[in-house]
Amino acid sequence: MSKRALLELKGLSTHYVSAQGTRVVRAVEDVSLRIEAGETLGIVGESGSGKSTLALTILRILPPAARIASGKMLFEGEDLLQKSDAEMRRVRGKRIAMILQDPMASLNPLFTIGDQVAEPIRVHEGAGRAGAWTRACDLLKAVRIPSPLTRLSQHPHEMSGGMRQRIVGAIGISCEPRLLIADEPTTSLDLTIQAQYLNLLRELQRAHGLALIFITHNLGIVAKMCDQLAVMYAGRVVESGPVRQIFRAPAHPYTKALLNSIPRMSDTRQRLTAIDGQPPDLASLPPGCSFAPRCTSAFDRCHEADPPETGYDGGRTVRCWLAASDAGSGHVDARSGAV
Amino acid sequence: MAMRSEAVPLTSRPDIIKGLEGFPLVPILILFGIAFVAIFANVLAPYDPEVGKLAARFRPPAWQVGGSGEYLLGTDHLGRDVLSRLIFGARVSMVVGLTAVIVAGVIGTALGIVSGYLGGWVDQVIMRITDTWLALPALTFAIFLTAVVGPSEMNIVIILGAVYWTRYARVIRGEVLSLKEREFVRLAIVAGCSKGTIMRRHILPNVLNSAIVLGTLMLGVVIVTEASLSFLGVGVPPPKPAWGLMLADGKKGLMVGYWWLTVLPGTCIMLMVLSANLLGDWLRVKLDPQLRQL
C-alpha cells in the first residue's frame with residue numbers, strides 16, 4: 001500500500017428491501033475495489049448484476065427502497081458513508097461526476113445548452129451567469145463542439161445525438177471532478193459515434209488527470225478503454241485486476257465464459273457460445289457460489305460454501321474455489337485485496 | 001411531366017397558413033375585446049354605471065319601440081345605463097377572474113410541485129387536504145367563506161383562489177411524478193443540485209405549460225362562480241356593476257318583458273367563458289410537449 005487510492009470500496013453491500021421488509025434483494029454484495037487517480041476501471045457484467053446500483057451507491061443517490069447495508073467508501077481518505085446529505089451534495093458534480101445511461105434524455109428540453117453546462121459551475125462555485133457561460137464555452141470547445149458560442153444559446157432539440165452526448169460529457173467535467181462515473185454512456189449511439197465519444201473521453205481523462213469508472217457490458221470497449229477490470233456477477237465482483245492479465249488468462253469460469261462468448265472473425269464455429277442457464281434470483285441466492293449452477297467446472301464444495309475473495313497472480317482477486325486451491329500455497333486470505 | 005405538375009399543389013400550401021391552422025381567432029378577438037373594454041371603461045362608458053335617473057327607468061334598447069339613442073342598450077330598474085354597467089362589469093369579471101386564476105394557480109402549482117417531488121409524508125398530507133377540499137361543493141364552500149370574511153372584490157379573489165387551487169395541485173402533482181423520473185432531473189441530482197434548486201429550475205419550467213393551459217380553462221369556471229356568487233348576493237357588493245349581479249337584479253323584470261336586463265349580461269358571461277375555454281383547448285394541444293417537440 002504505497003499510494004493512497006482515490007476511491008476505495010471495502011466490503012460494500014447495497015440491498016433493496018421491499019415495503020414489508022420481507023424480500024431483500026442483494027443487488028451489491030461485499031464489493032471491494034480500488035481506483036487510483038488517472039486510472040480507468042471497467043466494470044462489466046450482465047444486466048441485473050449490480051453495476052448500476054454500485055454507481056448509484058458511490059454517489060449515494062439510491063432510490064428510497066435501497067439500503068447501504070455495510071462497508072466503507074473511502075474517497076480521498078474520507079468515508080462517503082459518514083457524510084451528511086449536504087456534504088454529499090458538494091461532492092456530487094464537484095468531485096465525483098457521473099454520465100447517465102441515456103445521455104440523450106439527460107438534457108432539459110426547456111433550457112439552453114449554456115444554462116445547463118453552466119449549472120454545476122454555478123451550483124458549486126457560486127459563479128455568476130456571465131462567468132459560468134464563459135467557462136461553459138471553453139468546455140464546449142474542449143468536447144469539440146463546433147462554433148461553441150452559437151451553440152450555447154441553442155436548445156437541446158437543435159443538436160444531433162452525438163453532440164448532445166458530448167454536451168453531457170462537458171457537464172460531467174465542468175467542475176473538474178477527480179472521478180467520473182460513466183454508466184453505459186454509449187449504448188444509445190451508433191458505432192462510429194461511439195468510437196469518437198470514447199476517444200474524447202480518453203482525451204479528457206488525460207487532459208484533466210481524471211479517474212474513470214466505466215460501466216458497460218461491452219468487453220470490446222473495456223479492452224480499448226480500461227486499465228483495471230472488475231467482473232460482476234449476481235452483485236459480487238467475481239474477478240478483478242489489470243485488464244491485460246484478465247484477458248490473457250481469465251481465472252474465474254464466468255470471466256472465461258464471457259470472453260468465450262465474444263464472436264471473432266476467425267471463428268469457424270457455426271453457433272455463438274452462450275452461458276447456459278439464467279443468473280440467480282438476487283432475493284434468494286443459492287447457498288454456495290452464486291455462479292455454481294451455471295458453472296461447467298463446479299465441484300461439490302462450490303454448492304456448499306461461498307468462495308472468499310482470493311488474491312491471485314499478482315494484483316488480481318478472484319472469487320472461486322478453483323483459484324483458491326490453485327493459489328493454494330498459503331494466502332487464501334479472504335478480502336486480501338492485494339494490489 | 002404531367003405527374004410532376006400534379007405533384008406541386010401538395011407542397012404549395014404556405015407554412016404560415018399551416019401554422020395558424022386551428023388558431024382560435026374569434027375567441028382571442030372576443031377576449032381581447034373584453035380586455036380592451038375593461039381597461040378603457042372610463043372612456044368608453046357613456047354614463048356613470050352606479051348612478052341612474054329614476055325618471056328613465058326600464059327604457060328598452062334603442063332598436064325597440066320606446067327606446068332611444070340616448071340609452072343604446074336600455075336602462076335598469078334604477079334608471080342606470082345597461083351599456084355602461086356592462087362595460088364596467090367587464091372590468092370586474094376580468095380583474096376578479098384573472099387574479100383569482102393566478103392566486104389559485106400559484107398556490108396549487110407550488111403545493112403540487114412540493115407534494116409530487118418530495119413525496120412521502122409531505123405528499124400524503126397535501127394530497128389528503130386536497131381530497132377533502134375537492135369533496136366540498138365549490139359554490140357552497142365559497143358562500144361559506146364569504147359569510148366568514150364578508151363580501152368585497154378583494155375577498156372574492158381570495159375565496160376563489162382558496163376554493164380552486166386543488167385542481168392545480170392535483171394535475172401538477174401528476175406531472176411532477178413523471179417528470180422527476182426523467183433523466184435530466186437525475187442529471188441535476190448527480191450534478192449536486194439541492195431539492196429546492198431542482199424544483200425551481202427543472203421541475204417548475206416544465207409544468208408551467210400545463211399550469212397555463214389549466215389556467216385558461218379555469219378562467220371560465222372562475223368567472224361563472226364569481227357571477228353565481230354575485231347573483232346569490234354574496235359576491236361583489238352592489239352598486240358595483242358585476243355581470244352576475246346584473247343578472248340577479250334583472251331576473252324580476254324578465255317575466256314583464258324587460259329581457260335586456262338578463263339576456264345581455266348573460267350573453268357577455270357566456271361569450272367570455274366560451275372564449276376562455278376554446279383558447280384553453282387550443283393551448284392544450286399547442287403546448288403539449290410531445291406534439292411540440294416534433
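Author: A residue is buried if 20 or more other C-beta atoms lie within 10 Å of its own, exposed if 12 or fewer, and partly exposed in between, with C-beta atoms placed from the backbone. The model is predicted, and local features need pLDDT of at least 70, side-chain atom pairs count only at pLDDT 80 or more, and totals for chains, interfaces and linings use all residues. Residues are numbered from 1 along each chain as its sequence is written, while chains are lettered from A and ligands numbered from 1 in the order in which they are written.

Reader: Is A:Arg60 buried or partly exposed?

Author: A:Arg60 is found in the loop between α1 and β4 (66–75) of chain A; helices (H or I, at least four residues) and strands (E, at least two) are DSSP runs numbered from the N terminus. Its phi is near 55°, a positive value in a residue other than glycine. Because 18 other C-beta atoms lie within 10 Å, A:Arg60 is partly exposed.

Reader: How many residues of α1(A) are buried?

Author: Helix α1 covers residues 51–59 of chain A and is mostly covered. Its buried residues include A:Lys51, A:Leu54 and A:Leu59.

Reader: A:Asp30 has a positive phi although it is not a glycine. How many C-beta neighbours does A:Asp30 have inside 10 Å?

Author: A:Asp30 is found in strand β2 (residues 24–35) of chain A, and its phi is about 50°. A:Asp30 counts as buried because its number of C-beta neighbours inside 10 Å is 22.

Reader: Which residues cover the two faces of β3(A)?

Author: Strand β3 spans residues 40–44 of chain A, and five of its five residues are buried, so it is largely enclosed by the rest of the structure. On one side stand A:Thr40, A:Gly42 and A:Val44, and on the other A:Leu41 and A:Ile43.

Reader: In β9(A), what is the bridge partner of A:Val44?

Author: Two strands pair if DSSP finds at least two bridges between them. Five bridges join β3(A) to β8 (residues 211–216), running parallel, and A:Gly42 is there partnered with A:Phe214. With strand β9 (residues 228–233), β3(A) also runs parallel, through four bridges. In β9(A), the partner of A:Val44 is A:Val231.

Reader: Which strands stand at the edges of the open sheet in chain A?

Author: Eight strands form this sheet in the order β6-β7-β8-β3-β9-β10-β12-β11, with mixed pairing. Each edge strand has a single partner strand, so one side of each is left without a neighbour in the sheet; the two are β6 (96–99) and β11 (310–312).

Reader: Which residue stands opposite A:Thr310 in β12(A)?

Author: Three bridges join β11(A) to strand β12 (residues 316–318), and the two run antiparallel. Opposite A:Thr310 stands A:Val318.

Reader: Which helix gives the most to the side of chain B that touches chain A?

Author: Residues are in contact if their C-beta atoms, placed from the backbone, lie within 7 Å. The contact takes 16 residues from chain B and 23 residues from chain A. On the chain B side, α9 (183–190) and α10 (195–231) each supply at least two residues. With six residues, the one giving the most is α9(B).

Definitions and conventions
Contact = placed C-beta atoms within 7 Å.
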